[in-house]
Amino acid sequence: FEQFSLEVQIFPYGDKQKLVLSQDISQIEKTDAMRRDFVANVSHELKTPLTVLAGFLETVSELDLNEEERDRYLEMMSVQTGRMKTLVEDLLTLAKLEGNPEPPISQVVNMPNMLARLKLDAEGLSQGKHQISFDQSSDKNILGDDLELYSAFGNLVSNAVRYTPEGGKVCVTWAQIGEEIELCVSDTGPGIAAEHIPRLTERFYRVDRSRSRETGGTGLGMAIVKHVINRHHGELKIESTVGVGSRFCLVFPKQRIAP
Ligand code: ADP
């Protein structure tokens, strides 16, 4: 009943009193509809690569292909299984975050090490097609969960690289601003129109569906980022201008700065 507030009213009833319990079921219906939507989305996301995979399998087993053609089909099949694997991994990450209301363990997360890992990942994804810079102006570490934070930071960095066209810039900064500390990822990508920004952290919400698919997006990255930052009592700030670029910041309160 914590989630669905229960209203209690007491009325006179003859020489006794009548207790009326009422509940607003619109919230229950909304949650139910969200659950149905989620299941439909997951099924759809899995069905697409499965259908492609089944088609390729049929081709490989029925047609008399030469070695080169067969290898090409096997490669395409491997891309589809990779897509399904990433989706299932992201779903498991989300399920773990959502099913675990406890705040993450406050371990000291080594930020120079974290930034080095993120830089390697960004360079691997970009394959030399972007100007990537990392600027660490604070030597402070953070208290939190290393794996969760790596997943949140990594999602922002990989989005910046994936959505920014060749030749563009991606810049990651780690800086203390007043009493807070923040990791920001800026890019010179397509930018996001203001009306989409509040919805980016919804599961499977995509502004550019085809670009997301093309680059192996699951539509769950920003939902994971939001959960992780909430669990660390921080804040996600998004600024973006269409045609100019975007800036995503994860801001942590001073209690999260390691002593
Ligand atoms: P996806 O796997 O589709 O990238 P996310 O949850 O990570 O899913 O992001 C949600 C949507 O937000 C993306 O589909 C994309 O349209 C938009 N988006 C996220 N990051 C950026 C960015 N840096 N530049 C432009 N659009 C972005």
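1. Starting with the ligand: a polar side-chain atom of Asn159 sits 2.9 Å from one of the ligand's oxygen atoms. Keep in mind while reading that this is a predicted model. The side chain of Arg162 also comes in, with an N or O atom 3.1 Å from an oxygen atom of the ligand. Met222 contributes through its backbone instead, where an N or O atom lies 2.8 Å from a ligand oxygen. As for cover, the ligand taken alone exposes 530 Å², and the protein buries 97% of that.

2. Now the wider shell. The ligand is surrounded by 20 residues, and the closest are Tyr163, Asp187, Ser212, Gly219 and Met222. By type, the shell splits into nine nonpolar, seven polar and four charged residues. At least two shell residues come from each of α4 (146-163), α6 (221-231) and β9 (245-252). Of the elements, α4 gives the most, with four residues.

3. Helix α6 deserves a look of its own. The buried set is Gly221, Met222, Ala223, Ile224, Val225, Val228, Ile229 and Arg231. What do these buried residues of α6 pack against? Their partners are α2 (67-98), α4, β8 (235-241) and β9. Note that α4 and β9 turn up here as well as in the shell around the ligand.

4. His233 belongs to the loop between α6 and β8. Is His233 buried or exposed? Its relative accessibility is 52%, so it counts as exposed, the cut-off being over 50%.

5. Gln127 is another one for the list. Its phi is near 50°, again a positive value in a residue other than glycine. You'll find Gln127 in the loop between α3 (111-126) and β4 (131-136). With 62% relative accessibility, Gln127 counts as exposed.

6. On to the rings. Searching the whole structure turns up three aromatic pairs. One of them is Phe56 with Tyr73, an edge-to-face pair at 5.5 Å centre to centre and 70° between the planes. Phe56 is in helix α1 (residues 26-62) and Tyr73 in helix α2, so the pair ties together parts that are 17 residues apart in sequence. Both ends are covered: Phe56 counts as buried because its relative accessibility is 16%, and Tyr73 is buried with a relative accessible area of 18%.

7. Phe153 and Phe252 form an edge-to-face pair too, this one with 6.2 Å between the centres and 90° between the planes. Here distant parts of the chain are linked, with Phe153 in helix α4 and Phe252 in strand β9, 99 residues apart. Phe153 and Phe252 are both buried. This pair therefore joins two elements that each supply at least two residues of the ligand shell.

8. Thr173 lies in strand β6 (residues 169-177). Why does Thr173 count as buried? Its relative accessibility is 19%, and buried means under 20%. Setting aside neighbours within four places in sequence, Thr173 is in contact with Asp135, Glu182, Leu183 and Cys184.

Definitions and conventions
Residues are numbered from 1 along each chain as its sequence is written. This is a predicted model: local features need pLDDT of at least 70, side-chain atom pairs count only at pLDDT 80 or more; totals for chains, interfaces and linings use all residues. Side-chain values use heavy atoms; hydrogens and water are left out. A residue is near a molecule or strand if one of its heavy atoms lies within 4 Å of it. A polar contact is a pair of N or O atoms within 3.5 Å; within protein, one must be able to donate a hydrogen and the other to accept it, and residues adjacent in sequence count only if both atoms are side-chain atoms. Accessible areas come from the Shrake-Rupley method with a 1.4 Å probe; for residues, only the protein chains shown count as cover. Ala, Val, Leu, Ile, Met, Phe, Trp, Tyr, Cys and Pro count as nonpolar, Asp, Glu, Lys and Arg as charged, and the others, Gly among them, as polar. Buried means under 20% relative accessible area, exposed over 50%, partly exposed in between (1.4 Å probe, protein chains only). Contact means heavy atoms within 4.5 Å. Rings of Phe, Tyr and Trp (its six-membered ring) pair if their centres lie within 6.5 Å; planes under 30 degrees apart count as stacked, over 60 as edge-to-face and the rest as tilted.
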